[in-house]
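Good morning, and thank you for coming.

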Amino acid sequence: MRIPKILGRSGNDRRLARGAEESALHAGGDPVFRIRGLTKTYGSGLTEVRALAGVDLDLYEGELIVLLGPSGSGKTTFLNNIGGLDVPTSGELRYRQLDLAAAGEDRLTQYRRISVGFVFQFYNLIPSLTARENVALITEIARDAMPAEAALEMVNLGARLDHFPAQLSGGEQQRVAIARAIAKRPEVLLCDEPTGALDVQTGIVVLEAIERVNRELGTLTVIITHNAVMADMADRVIRFSDGRVQSSHQNAQRALPSSLKW
Ligand SMILES: Nc1ncnc2c1ncn2[C@@H]1O[C@H](COP(=O)(O)OP(=O)(O)OP(=O)(O)O)[C@@H](O)[C@H]1O
Ligand SMILES: [Mg+2]
């Protein structure tokens, strides 16, 4: 079968297996991330903070993960470590064959550029560029990127290509940020409180965009949130507490973002 270019990577067919087949799938497949005893300590002496205190996790191809936990429990630190924005203090952190704990700055930059898309609470768009130009900034430096227009179409902004950020709502700006993050077809999409600044209805539209990217491109997606309702849209819900994984729960099925109520 020929897969249309926008549908991207080879893992798509495999990740369609869900529910009962999921555990078998995981048992057979290599994880994208293998994480063992991961720690991160900031500062020293009196100011020392143990942000991660021994995290053990495997994250698999195409999973949609919702990461919950109280403020200060280490969620952002964890995301920054797996995204190559920060390096751990100790422990094992592997992305495929790449040892992220030992990688130098050049290798980490290359990893972030090719393999990771980030979405943050605040959109960080360039105000003087249109939606299309904000996305094109990335597609011009990436290999095998989709056209900016296709990325914006994926997040339902095909009709807003030439609008500037100031002419877009918060939810629309966040969807431009998602298009920018996924246009290079990263294997991993990391979202730190992507709906934190948005009202409920707008938040749901943003989650729909993230869910569609995950489903159609097979992008391993991690969403940090304080909103426990979002757990229902995940394949797996991971809860952090005091710098550790408190629980990891596989949902039997994912709820559509549009069905979430909060
Ligand atoms: N750059 C840093 N320097 C010093 N301490 C830090 C740094 N980044 C995070 N910390 C500390 O590490 C701990 C974990 O922080 P982190 O930002 O990962 O928590 P979080 O779970 O994302 O919280 P929130 O839900 O409030 O965003 C906190 O005690 C925080 O103060
Ligand atoms: Mg945080």
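I begin with a definition: a residue is buried if 20 or more other C-beta atoms lie within 10 Å of its own, exposed if 12 or fewer, and partly exposed in between, with C-beta atoms placed from the backbone. This is a predicted model, in which local features need pLDDT of at least 70, side-chain atom pairs count only at pLDDT 80 or more, and totals for chains, interfaces and linings use all residues. Residues are numbered from 1 along each chain as its sequence is written, while chains are lettered from A and ligands numbered from 1 in the order in which they are written.

Arg185 counts as buried because it has 23 C-beta neighbours inside 10 Å. Arg185 sits in the loop between helix 7 (170-182) and strand 7 (188-192); helices (H or I, at least four residues) and strands (E, at least two) are DSSP runs, numbered from the N terminus. Although not a glycine, Arg185 has a positive phi of about 55 degrees. Most residues other than glycine have a negative phi.

Is Asp144 buried or exposed? Asp144 has 11 C-beta neighbours inside 10 Å, so it counts as exposed. Asp144 belongs to the loop between helix 5 (131-139) and helix 6 (148-154), and its phi is positive, about 60 degrees, although it is not a glycine.

Finally, I turn to Glu208, in helix 8 (residues 200-217). Glu208 counts as partly exposed because 17 C-beta neighbours lie inside 10 Å. From Glu208 to Arg175, the C-alpha to C-alpha distance is 9.9 Å, with the two 33 residues apart in sequence.
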